[in-house]
Amino acid sequence: MDRDVVIVGAGVVGSAIARELARFDLEVTLLEAAADVGAGTSKANTALLHTGFDAKPGTLEAKLVRRGCELLAEYAARVGIPLERTGALLVAWDDEQRREFEGIVERSRANGYDAIRELDADELYRREPGLGAGARGALEVPDEAIICPFTTPLAFATEAVLAGCDLRRATPLTGVDRIEGGFRVDTPGGPITTRRLVNAAGLRSDEIDRMLGGTAFTVTPRRGELIVFDKLSRPLVKHIVLAVPTKVSKGVLVAPTVFGNVMVGPTAEDVERKDDTSSTAQGLDHLRREAGRIVPRLLDFDVTSVYVGLRAATEHDDFQIRFEDGYACVGGIRSTGLSASMAIAEYVRDGLDLEVAPRAGAPELRMPNLGEAFPRPYQSAELIERDPDYGRFVCFCERVTKGELRDALAGPIPPVDLDGLRRRTRAHMGRCQGFWCGAELAAMLADV
Ligand SMILES: Cc1cc2nc3c(=O)[nH]c(=O)nc-3n(C[C@H](O)[C@H](O)[C@H](O)COP(=O)(O)OP(=O)(O)OC[C@H]3O[C@@H](n4cnc5c(N)ncnc54)[C@H](O)[C@@H]3O)c2cc1C
């Protein structure tokens, strides 16, 4: 066999699994069809680190989100993934919604999360003065947090690569067969034989599962559109403002981002195509109306960008994780995969039943900070004195310096396009959407 484990899909889930397995004495390959790590659903979500307070009790998702939240909060602090524990306020806008509170608190307690508590309308408006009129009260969930969705999968994949994992980008699995003692995985670069196979292919996890005879689930992409408001609106929103969920949807939320913006979304609509990340006039209208209702003054600010993510929804209410003779299917990781990623990785490690020793000397990792709440290179006189490139802005909107761009381009998993550079540095994602810096960024990319 060429490899001990092949993991298919370098989203946040596959990358977390690669990181976990690379800590052991194993030959691991991580295959990614796209040009980069974290470029699928993992780059287009609401970027909340959920406590799991509202998960369906007793499900695998409930268990893994709860554990994943603890693991990722600790890991983020250790390696420098921006995370802010803003807390969430789940707001009732009428008496009927307020009557739902009792059930939500019960569910939270059943999930082992007891810190949830009710606030009356006066306290709610004291805590979140920018809210629209008419709120009846809220449930406070103090441990819900905002996190960087870009740095998280990159940190996992970088740690895996530094520990010896063989990352192959732009390398899709095109076919797979069971063979004596393992699997033969076909790729455009030739076949790879492996003892174990992990299917973490997100929206395509059902297709790969079917290649191995699986029939347990079908992925239906569920589109979520989001609007990002200009940074000047950030003081308007202090917490993650959640809606009372209905039977069909969790509703639209308003939340700060770690980059210093305010985000509104997502919508929820089943679509046919697994690559249909187009936004719609109808979806954006709905989000603007919701923004104006929840935090009316948001509409005084410009929209910096809109984006769309596709949830890997299935006909089931839970994650679709199962193990069969060296095969791990990790599918249907719909709305909470960022939060659960590290716990999914632990669960897969145990499920694969690997009898191997931990590798000595784990790599020390420190990711570049992209968070607005933490010191950035341009703010450090000492750093700029040592290397003036940290004082030379290339992207003025997001205050990204030449030094940071240079470091990203020379990193262990260098970007191959502008989007990859954006996710590693924030360049190109500000107000001007690259009008100012686009040409210089393209030139820097072309130079490497
Ligand atoms: C609108 C929205 C909001 C969300 N908000 C949150 C949130 O606030 N908090 C949270 O925890 N979660 C949230 N989620 C869910 C979270 O984003 C997902 O659960 C998570 O990103 C799934 O990660 P993944 O690695 O399974 O999938 P992906 O990120 O899609 O990764 C799968 C990868 O597999 C690759 N692949 C596919 N086929 C092949 C092949 N044949 N060969 C090789 N590679 C292949 C793809 O290119 C892709 O990169 C949200 C999702 C959406 C859409």
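Is R168 buried, partly exposed or exposed? In this predicted model, R168 has a relative accessible area of 30%, and R168 is therefore partly exposed.

**View 1. The salt bridge between R168 and D166.** The side chains of R168 and D166 form a salt bridge, in which the closest N and O atoms lie 2.9 Å apart.

**View 2. The salt bridge between R293 and E290 in helix α8.** R293 is joined to E290 by a salt bridge, and the distance between the closest N and O atoms is 3.1 Å. Both residues belong to helix α8, which covers residues 281–294, and because R293 and E290 are 3 residues apart in this helix, about one helical turn separates them. R293 counts as partly exposed at 35% relative accessibility, whereas E290, at 16%, counts as buried.

**View 3. The salt bridge between D350 and R349.** Here D350 forms a salt bridge with R349, and the closest N and O atoms of the two residues are 3.0 Å apart. The arginine of this pair, R349, has a relative accessible area of 22% and is partly exposed.

**View 4. A network of salt bridges.** In this view, salt bridges link D36, K43, R169, D419, R422, R423 and R424 in a network. For the model as a whole, the count of salt bridges comes to 52, and the pair of R168 and D166 is one of them.

Notes
Residues are numbered from 1 along each chain as its sequence is written. This is a predicted model: local features need pLDDT of at least 70, side-chain atom pairs count only at pLDDT 80 or more; totals for chains, interfaces and linings use all residues. Side-chain values use heavy atoms; hydrogens and water are left out. A salt bridge is a side-chain nitrogen of Lys or Arg within 4 Å of a carboxyl oxygen of Asp or Glu. Buried means under 20% relative accessible area, exposed over 50%, partly exposed in between (1.4 Å probe, protein chains only). Helices (H or I, at least four residues) and strands (E, at least two) are DSSP runs, numbered from the N terminus.
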